[in-house]
Structure formats: structure tokens, C-alpha cells
Amino acid sequence: MDLALYRKYRPKSFKEVVGQEHIVKSLQGALELGKISHAYLFIGPRGTGKTTMARLLAKTLNCEKKDANGKEPCNICFICKEFNEGRNLDLTEIDAASNRGIDEIRNLRESVRFGPTHSYYKVYIIDEVHQLTDAAFNALLKTLEEPPSHAIFILASTEPQKIPETISSRTQQFNFRNLTQSQILEKLNRVAKAEKLNIDDDGLKVVALSGHGSLRDAESNLGKLISFGSKKITLAEVEDLLGFIPLKSFYDFTGLLILGKREEAVSFISNLYDQGLDLEEFSKSFIDYLRKLLISNLNPATLINFAGYNQEETRLVLSQAKILTKEQIVRLVKIFMRAKEEMKISPIQQLPLELAVLEYFEN
Ligand SMILES: Nc1ncnc2c1ncn2[C@@H]1O[C@H](COP(=O)(O)OP(=O)(O)O)[C@@H](O)[C@H]1O
Ligand SMILES: [Mg+2]
Ligand SMILES: [Zn+2]
């Protein structure tokens, strides 16, 4: 396959977007009323639809024959076609992460003065905008202070706290949320069907979970499974291929911590490493497990809300949530979150986790 799944299935209209209902509703309302801001700020974690929504907005604004009272692009006019093929000249995308942007913003300031070639609006999408240098921010600010009426800026960022207030205060801000497992599953089901992928329902659920809230990551993982061909992909194969760690592993590991089995807990980590498991992935999922312990510790009834757990798994979580105190769980979360960060710079991948175990037993 030549096109990454997540590119191939990027929503072409607002109705294909899953989740982010508050944003879709608000943008469509603005489109319907023609009340468009000159600058938007899309904030949120990776793979949740920021770029998708920015391009959708740009396309719909410029579409020649909008549908549904102007709320959807037609996807047939030549403007929509240009957008869908990524060759509309009035859309400029700048990635502030790959170059800190000063030349790009300078070019932007030049080009923004001229009207669009054949669209209604010139749209500038600036991705990872928090990465711009101070000089680039200042240049951008000048443009945002007096935007030409034909220009629209859509800034996107995963780290809003790094954006100067002078910039963000001139934008209309939308907060994108991590997608839930069932929202991700909804889209994966569509993709799997379109790709005629033969996969267990349970397997697809695991793929959805593997995205940790990011649809892009889940779709990338689904892409990895496609190479399996037409035969039925089982849950076990999905787990194996994605290096999925079953909940029972976290239960066992936590059990060793509860029982004070220091050496066993340390060798549990080395065993994972020897099995070729991605320890960063393990830490991420373990922190997720701890969070579930914490929430059920505070109120056991809330665990029912965690999609994707079977009865046995729910039982395991509840039993440990009762044994540990809230303080112990919080401490574990803090220790293991730090370990996960340290893993990025550690020359030995498993070391931060081993140290985390020792630290937990220190008092
Ligand atoms: N809310 C969503 N609904 C449907 N697909 C989505 C959504 N968010 C992400 N995706 C999928 O993930 C891919 C990457 O999304 P993107 O909008 O580029 O994420 P972001 O810019 O937030 O990192 C899209 O091409 C699409 O396939
Ligand atoms: Mg993006
Ligand atoms: Zn159109």
C-alpha cells in the first residue's frame, strides 16, 4: 500500500470526524452564519484531528457549492478537488517544528498582502506553532494585529503554555480532546471494512486501545496489521504484533509491589525487556493502569465506565484498588511517570524502571 492509512482515511467532510463534537458544532455554526474568525488556535494532543479540522475548515470556506447550508464541503467542485489532492495554492501549511519559522513567517507576511488566486480565502495553517522563535512570533503578531480580510490563520499546537499570550489572545481557541476507545473503534471499524480487513472484534478493540487516545496512532497500528493479508487476524496476533501487554501483566507487577517482592519486581522488568517489549509502552500503559486503580480506589463504581474491560479484568483492578491506599497509588504514579521521562535519556532502557521499583521500596 502506498498511502499511509491515516492519510488515506483523513475525513473529507465534518460528518466523518469522530468525537470533538463541540468543535465541529461550533465551526459548522460559524460557517452557516458566515461568522468566521480571522485566527483560530487548535490545541490538543497529537492525532486527535487538529490538522484534519483545519483543512476541513479551509476547504469548506472556499468550496464553490457548499452543502447543508454551507456546513459541509461538496467534495466535487474543482476547489474541493484541489484541497483533497493537497494542491490548492491558497492554502499554506507551515510546520514550525521542522524549521523555527522565521523565513516562513517572513514569506507569509509578504504573501498575505495579495489576495487569493482563485479561492475566497487564503488560509495559513501553522502547525506546532509554539516552536516558533521569538522573532517569528513577533512577525506573526504584526500580521495578526491587522489581518487582511481575505486571510485566515489556523494555529495548531500540542503545548499551549508555550504560546505567547499576545498571540493566543488574538485567536479563537478550541481544545481538542483525546479520543475515547469507542470513538477510535468507530473509525477503525469503518477503515477495516473499507480495507476488507478480516479481524476479530476483540483484536480491533486492542488496536483502538493501542492509540492511547490518538486516532492517528491507532490507524498506523491498524496499517501494520494489513500486511497480514486476507486471512482472519486473531486477538493473539494483534497482541503479538503490537507488543500489547495484557492487563494481567500490570496486575502481576503491581502484586509484586504490594507484597514487597523487590527482587522479583526488578526481574519482572528485565524479563519484559528480554521479551523485546517496548518499555516506554509498558510504562505508559502501567501509568494508565495505576490511574484506573486510583479512580476505582476513590469510587469503585466508576470502573464500570472503563470500556474494554471484561469481567475478569474488572475484578482484578477492583481487588488491587482495595488493597492499596490512595497515597500509595499516587506515589506509584509519580515515581513511574518520572521513570518514563527518564527513559528518554537513559542509555539503558530498563534502568529507570528498575530504579523506580527500588525507590518505591525505600520507605
Ligand atoms: N477526530 C478524528 N476523526 C476522524 N479521524 C481522525 C480524527 N483525529 C485524527 N484522525 C485520523 O488521524 C489522522 C491524523 O489526524 P490529524 O488531524 O493530522 O491529527 P493532529 O493534527 O491533531 O495531530 C487523520 O488523517 C485521520 O485519519
Ligand atoms: Mg497536525
Ligand atoms: Zn466544493
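This is a predicted model: local features need pLDDT of at least 70, side-chain atom pairs count only at pLDDT 80 or more; totals for chains, interfaces and linings use all residues.
Local features need pLDDT of at least 70, side-chain atom pairs count only at pLDDT 80 or more, and totals for chains, interfaces and linings use all residues. Residues are numbered from 1 along each chain as its sequence is written, chains are lettered from A and ligands numbered from 1 in the order in which they are written, and side-chain values use heavy atoms, without hydrogens and water.

Start with the sheet. Five strands make an open sheet, ordered β2-β3-β4-β1-β5, with parallel pairing. Strands are DSSP runs (E, at least two residues), as helices are (H or I, at least four), numbered from the N terminus. Two strands pair if DSSP finds at least two bridges between them. β2 (91-95) and β5 (172-175) stand at the edges with a single partner strand each, so one side of each has no neighbour in the sheet.

Now look at one pair. Strand β1 (residues 39-43) and strand β4 (residues 151-157) run parallel, joined by five bridges. Ala-39 has Phe-153 in β4 as its bridge partner.

Next, find the zinc ion (ligand 3). Its coordinating atoms are the SG atoms of Cys-63, Cys-74, Cys-77 and Cys-80, at 2.3 Å. Donors are N, O and S atoms within 2.8 Å of the metal (3.2 Å for Na, K and Ca); water is not among the atoms, so sites may look incomplete. Along the chain, the donors follow the spacing C-x10-C-x2-C-x2-C.

Are these cysteines buried or exposed? Cys-74 is buried, at 10% relative accessibility. Cys-77 is buried too, at 5%. Buried means under 20% relative accessible area, exposed over 50%, partly exposed in between (1.4 Å probe, protein chains only).
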